[in-house]
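Open the model in your viewer and keep the selection panel at hand.

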Amino acid sequence: MRDSPEGAVAGGAAGLVVEAALYPIDTVKTRLQAVHGGGKVVLKGLYSGLAANLVGMLPATAIFVGVYEPTKQKLLNSLPENLNALAHLTAGVIGGVASSIIRVPTEVVKQRMQTSHFASASNAVHVIVSREGFKGLYAGYGSFLLRDLPFDAIQFCIYEQLRIGYKLAAQRDPNDPENAIIGAFSGAITGAITTPLDVIKTRLMIQGSSSQYQGIRDCCRTIMKEEGARAFLKGIGPRVLWIGLGGAIFFGVLEKTKQMLANKRCLVPEKPIQPR
């Protein structure tokens, strides 16, 4: 797909389905990462912050895919074929930076609601801005980029490369279930690899005005000193499950929506040229 509007629509639809379907798993993951030491995880209110998250994730995912698809095509057309993995990695990074403007405040509000800091998104935004300033909505921005840029780049690169390899081996495009399986595998692998970065991001985003951690480096040192290296893998089980299932749904819906939009566009007759 070469047109970014189609990519944006497909990405928004895919992101919406994933977030709505798998939100409770994400909440459990966040609460596991938020507790210090051997604290207990509360399993009530697993949908806390869902509505606000959907409002933010829909445009954020649309922006990501809307930037990723045309950037990928331009790079693939300008780079030699043996560097197509670099094109996918680079496009993933650029898409991640573009969408972070919306994704970060959405993530901050979502995670603080998931950890029972606030009961509503409007109250969360009001309190965060009044106590921490507008920059409070971008708490942990650096750690977010540290997690999401390699995540987006690696996940999309693995997915694209597996699809290319499958097409070469099978001599055809993957069907819907095969796209979902490839998406699940790429999501699960990437989710596991980036779990330590996700733990750091979660701690920095939910700390609020208490400022327990003075940045990424201090967060790493404090977690290592007080909880040990195993703390960096907190929530890895739910995270791999969530992103694995999410990858299956996201890429399955993404490819299906792209195909439907492309077919619809082909069915629209071209407007005849009027004689002058």
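For sorting residues by class, Ala, Val, Leu, Ile, Met, Phe, Trp, Tyr, Cys and Pro count as nonpolar; Asp, Glu, Lys and Arg count as charged; the others, Gly among them, count as polar. The model is predicted, so local features need pLDDT of at least 70 and side-chain atom pairs count only at pLDDT 80 or more, while totals for chains, interfaces and linings use all residues. Numbering runs from 1 along each chain as its sequence is written, and side-chain values use heavy atoms, with hydrogens and water left out.

**Stop 1: the cavity**

A cavity here is a set of points, on a 1 Å grid over the protein atoms alone, where a 1.4 Å probe fits but cannot get out; lining residues have an atom within 4 Å of a point. The search of the whole structure returns one cavity of 30 Å³ or more.

Select E19, M57, R103, F151 and W242. Of the 24 lining residues, these are the closest to the cavity centre. Next, colour α1 (4-34), α2 (50-78), α3 (84-114), α5 (141-170) and α9 (236-267), which each give two or more residues to the lining. Helices are DSSP runs (H or I, at least four residues), numbered from the N terminus. Which element gives the most? α5, with seven residues. By class, the lining has ten nonpolar, six polar and eight charged residues.

**Stop 2: the pockets**

A pocket is an open set of points with protein on both sides within 12 Å along at least five of seven lines. The largest pocket holds about 600 Å³. Select R163, K167, D173, E255 and K258, which lie nearest its centre among 22 lining residues. Eleven of the lining residues are charged, six nonpolar and five polar.

Move on to the second largest pocket, of about 280 Å³. A139, G140, L204, Q207 and S211 are the closest to its centre, out of 16 lining residues. This lining has nine polar, four nonpolar and three charged residues.

**Stop 3: the cores**

A nonpolar core joins buried Ala, Val, Leu, Ile, Met, Phe, Trp, Tyr and Cys residues through side-chain atoms within 4.5 Å; buried means under 20% relative accessible area with a 1.4 Å probe, protein chains only. Select F156, F250, F251 and L254. In the largest core, of 18 residues, these touch the most other members. α1, α2, α5 and α9 each give two or more residues to this core.

Finish on a second, separate core of 13 residues, including V109, F144, L145 and L149.

Notes: Grid points are joined across faces, edges and corners, and a volume is the space filled by probe spheres set on the points. Buried means under 20% relative accessible area, exposed over 50%, partly exposed in between (1.4 Å probe, protein chains only).
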